[in-house]
Amino acid sequence: MAEIATGLRDDVTVVLLGHEQPDHRGRAIHYYQQLGVPCLALEHVADSSCNERLNVVLERVTTPFVVLVGDADFLLLPALATAVNRLQEQPDVIAAQGYSLAYRPGNREVAYHKCGSAITQELQEGAIARLKQYAIAGQQAWRAVMRVPVLNALLRDLPDDLEFATWRTALSWALLAQGPIAHLAQTDVVCEYANSTLSPVARAERLASAVRVLRQWDSERQALCADDLGFAVLSHFVRMTYDHGEAPLLFTSRWNSVKDEPPRQFEPTQFVELPYYNGELFTQLSTLEFLWHAWPTGQAHRHALEGTWVRQRELLIVHPNDTAESLQERYWKAQALSLFNPQVCQRLLSTLTGADDQQLAQELSDWQARLQQFPGIDPAVWLSAMPSGQVLDAIAAATPDAVAQQTVLAHLAKRPASQVAFVVLDLDNDDHALQATFDSLLASGLRNFKLVVLKAGKPPAITTPRDTLHFVQVTAGNWVSHVNQVVRQLPSEWLMLLQAGDVLTTGGLMRLQVELAEAPACLAICANEVQRDADGRLLSVVRPGGNLDLLRSRPDLMSRHWLVRRQTVLDVGGYSEAHRHALEFDLLLRLVEQNGLGCLAHMDEYLVIGQQASTSMNADALSTLNRHLAQLGYRGQVSDQGEGGLLIDFRHSSTPLVSVLLGAEGDLTQLQSCLTSVFQRTRYPRFEVLVACAGDKAEACATVLNAFGPRVRLLAGDARDSRNELLNLAASQAHGEYLILLSERCQVLTPAWIEGLLNQGQRPEVGVVGARLLSHNGNISHAGFDLLCGPRVHAPWTALSFEEASSVWCAAAVRSCVAVSGDCLMVRKAVFDHCGGLQPIAGADIDLCQRAAEAGQLVIWTPQAQLLDNAVPMPNADQCQGLQLLWPAAFGSRMVVDDRSGVDMSRTGVTPELEWLAALS
């Protein structure tokens with residue numbers, strides 16, 4: 001290899017093209033430095049095209065040949081040397097190229113995918129023939145090793161201002177049109193395989209745009225695609241070479257040992273016509289795989305490792321009752337999760353001190369030396385930048401230190417809290433998981449609790465209900481009846497259900513004890529919690545108080561680990577054996593049915609870290625929710641919306657008249673577009689539209705509204721009326737039982753938008769309903785408001801894409817909230833009149849929501865009504881101050897959920913982490 005690199009140093013330069021994820025670059029530069037091949041990189045410069053940036057780099061190239069490569073892709077040195085030799089031997093060809101192999105790294109494994117197809121014929125003469133062959137094979141010519149003068153000439157002629165994938169496709173087209181390429185039967189590059197993030201529609205639009213741009217550019221030059229045949233070749237070329245598309249899986253390489261080569265598992269279908277199957281290539285792949293695993297970069301790979309890093313972090317924690325044997329056992333478990341964590345290797349090595357451990361210690365020491373050849377390898381640092389790491393940091397920040405714990409314990413000694421019983425279900429008979437729950441409870445230093453374990457299998461000790469720790473042997477069929485028996489026998493005032501392996505946080509547990517010492521008047525208390533997915537990643541569940549609608553929508557996230565009064569459980573008949581997979585959800589619904597929403601309370605602290613709810617919960621949750629709706633008198637239907645949770649169609653019996661009100665703000669074109677969307681896309685049969693405008697704009701408005709005939713009523717106010725005053729005017733003339741305040745900036749997207757609003761608005765307890773507003777690129781522009789200390793109005797999840805919003809649980813579910821935007825809100829006319837309409841202030845929509853809440857009405861946000869609205873207005877700082885003067889209690893909230901991670905970001909702001917602890921002194 002060293003001899004090859006020495007020969008290439010003066011022949012070819014590698015140019016890194018950049019990537020959306022810049023952390024790839026450091027690893028790529030290190031790789032080519034180790035190979036001894038010159039490497040330059042395109043710098044990101046604002047408002048500069050790919051052509052301009054590449055021209056700047058080419059001015060520094062001193063070699064006769066150049067090859068372009070993505071920052072996450074890796075050229076193979078022997079193949080690079082072969083391509084250079086071919087170009088030196090054949091001065092008539094302008095470039096040389098073999099094939100690509102796609103890789104996708106995961107935890108301890110790499111999956112390899114086929115890239116395109118083999119070129120089975122000799123390359124024919126002529127540009128169209130070359131373009132057609134590359135299109136059929138799906139090969140990307142921009143990856144070829146090129147002569148520098150050829151690339152310089154292409155860049156002078158290539159169109160500017162192209163998005164990156166289109167630019168690469170254009171470069172491939174221009175290169176093939178320019179002259180012959182020597183095609184080599186070898187694998188040149190191992191390139192990152194990533195599925196397109198574009199929707200099928202968006203991808204089709206990109207491809208169509210690329211075809212249009214290239215055809216226009218070609219028509220001014222060689223006119224290769226001017227006729228029908230040329231256009232067909234161009235269309236096929238763009239479709240097949242724009243990106244990898246869906247590529248077949250070939251084989252998977254898994255790393256299970258620190259001393260053996262990774263075994264490779266091949267799929268049933270292989271493609272032996274491609275140059276993927278030789279020992280030399282697999283040797284190079286092993287080297288690359290070690291680099292990828294030891295130095296993971298990019299969101300996809302680190303996401304795959306996130307859960308593993310969380311588990312390893314937990315396994316490295318030393319507990320007071322640990323022994324040398326227990327530590328070594330956990331370190332081996334951590335090592336088995338991933339071989340490439342230097343900290344785990346170091347910990348494990350420190351325990352291999354016995355005479356029988358010498359060979360293992362030497363193997364592990366050699367392995368660690370290999371890991372240390374890469375700079376800055378620290379999974380703990382990488383984890384801290386990920387959602388799971390942010391959750392762990394938030395929990396750590398909210399954990400009292402030893403001195404603070406003593407302060408809390410001293411306070412509780414003077415003012416003891418009511419006793420809590422933790423009922424732990426261990427149906428898997430997992431002693432290790434059970435021990436993790438015990439360790440977390442004991443770590444707090446609290447001792448005023450009861451612990452009852454319902455365990456499958458033989459209990460480790462004989463105990464009685466009077467003991468602090470009591471074991472009850474159960475089976476999968478009778479455990480619910482045993483839970484109810486335990487509830488009847490316990491002397492504790494409060495109880496909480498846990499699963500073996502659930503971990504209680506010290507900060508949350510101590511905060512809970514302090515709160516309980518104040519004798520809260522509620523019947524059930526929830527706290528924030530953290531849930532693990534199947535791969536070990538942590539999801540922050542910041543619960544927005546006793547939110548019944550969110551509880552109904554997402555029982556998997558909202559219904560577990562509630563602290564409930566033991567007597568209350570008995571009063572409602574205990575836990576239901578008919579809904580054993582949604583035990584707590586069913587109990588909470590019955591509590592609300594008998595006692596109202598005021599019986600639920602919320603503690604703003606992380607309390608439990610546990611597994612995500614099982615998929616079997618859905619069926620029981622649907623069943624108990626249907627029972628709940630029938631109990632409330634609805635003939636509703638519940639459907640499972642996946643990431644959107646459970647959706648209730650209340651099936652109201654009436655079809656009331658709805659008045660859609662617009663206050664014309666001066667943009668008549670927008671007004672016309674808004675009204676056109678309302679009439680063309682609204683399915684609901686009973687609605688009227690009223691448009692109110694300033695008196696001096698009446699004639700111009702009337703001209704625009706003539707197109708809609710009698711379907712729109714025009715009202716003229718005073719010349720200086722604001723939008724709020726115009727909407728009040730329209731409301732005074734409306735005939736509908738329900739009003740929709742609509743901005744002329746909005747355009748209807750979902751035909752059932754009025755039905756979606758009415759589905760919530762016709763509930764007697766609901767006063768105001770807001771819609772899901774989207775920007776022109778499909779991202780969220782409004783999903784409800786939070787009112788925070790500051791004061792400030794916060795719009796959570798703004799700018800999230802549809803795909804991102806689907807994974808953020810609150811952003812896709814019906815929920816009650818503090819306020820919604822007046823750009824589109826429904827309000828019962830009686831409520832609107834009771835609240836005095838819209839007040840002449842900035843933020844009148846927020847004020848209206850507060851007035852409705854003061855009148856005992858809920859404010860609901862629903863994603864079922866979707867409208868286009870690119871710019872939802874937000875109150876500025878002075879306007880927020882004005883709203884706070886009117887509603888000081890509403891701005892007392894400190895909860896704000898980060899748009900993507902789900903972490904409670906208020907814990908990193910002005911509010912002290914442990915302000916509740918400071919209050920004790």
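These are my notebook entries on a predicted model of one protein chain.

**Ground rules**

I number residues from 1 along the chain as its sequence is written, and I use heavy atoms for side-chain values, leaving out hydrogens and water. The model is predicted, so local features need pLDDT of at least 70 and side-chain atom pairs count only at pLDDT 80 or more, while totals for chains, interfaces and linings use all residues.

**Confidence**

I started with pLDDT, the predictor's confidence in each residue, from 0 to 100. The chain averages 90. I found that 95% of the residues score at least 70. Where does pLDDT stay under 50? I traced this to residues 895-912. The model has 62 contacts for this stretch beyond four places in sequence; a contact means heavy atoms within 4.5 Å. I noted a caution: where pLDDT is low, the predicted coordinates should not be read in detail.

**Salt bridges**

Next I looked up charged pairs. Side chains of opposite charge can pair when their charged atoms come close. The rule for a salt bridge asks for a side-chain nitrogen of Lys or Arg within 4 Å of a carboxyl oxygen of Asp or Glu. By this rule I get 38 salt bridges.

I also needed two sets of terms. Helices (H or I, at least four residues) and strands (E, at least two) are DSSP runs, numbered from the N terminus. Buried means under 20% relative accessible area, exposed means over 50%, and partly exposed is in between (1.4 Å probe, protein chains only).

Glu665 is partly exposed at 41% relative accessibility, whereas Arg723 is buried at 18%. I then followed the network of salt bridges that links Glu665, Arg723, Arg745, Asp823 and Asp869.

My next pair was Arg713 and Glu688, where the closest N and O atoms are 2.9 Å apart. I read Arg713 as partly exposed, at 27% relative accessibility. Glu688 is buried, at 13%.

**Helix H32**

I moved on to Asp847 and Arg851, which meet in a salt bridge of 2.7 Å, N to O. How many residues apart are they in helix H32? They are four residues apart, so about one helical turn separates them in H32 (residues 844-854). Asp847 is buried at 0% relative accessibility. Arg851 is partly exposed, with 25%.

Eight of the 11 residues of H32 are buried, so the rest of the structure largely encloses it. Among them are Ala844, Ile846, Leu848 and Cys849. Gln850 is also in H32 and is buried at 10% relative accessibility. Leaving aside neighbours within four places in sequence, I found Gln850 in contact with Leu787, Val818, Trp887 and Ala890. Just after H32, Gly856 takes a positive phi of about 90 degrees.

**Two packed helices**

I turned to helix H5 (residues 127-137) and helix H9 (residues 228-241). They pack at an angle of about 35 degrees, with axes 8 Å apart. The axes are lines fitted to C-alpha atoms over the stretch in contact, and angles run from 0 to 180 degrees between N-to-C directions. Residues of H5 including Ile128, Leu131 and Tyr134 meet residues of H9 including Val233, Phe237 and Met240.

I kept one general point in view: most residues other than glycine have a negative phi, and most peptide bonds are trans. A cis peptide bond joins Gly790 and Pro791, with omega about -5 degrees. I placed Pro791 in the loop between strand S29 (786-788) and strand S30 (792-794).

Arg108 is not a glycine, yet its phi is positive, about 70 degrees. Arg108 lies in the loop between strand S5 (95-105) and strand S6 (109-114), and is partly exposed at 26%. Arg651, also not a glycine, has a positive phi of about 55 degrees. I found Arg651 in the loop between strand S21 (646-649) and S22. Arg651 is partly exposed, with a relative accessible area of 42%.
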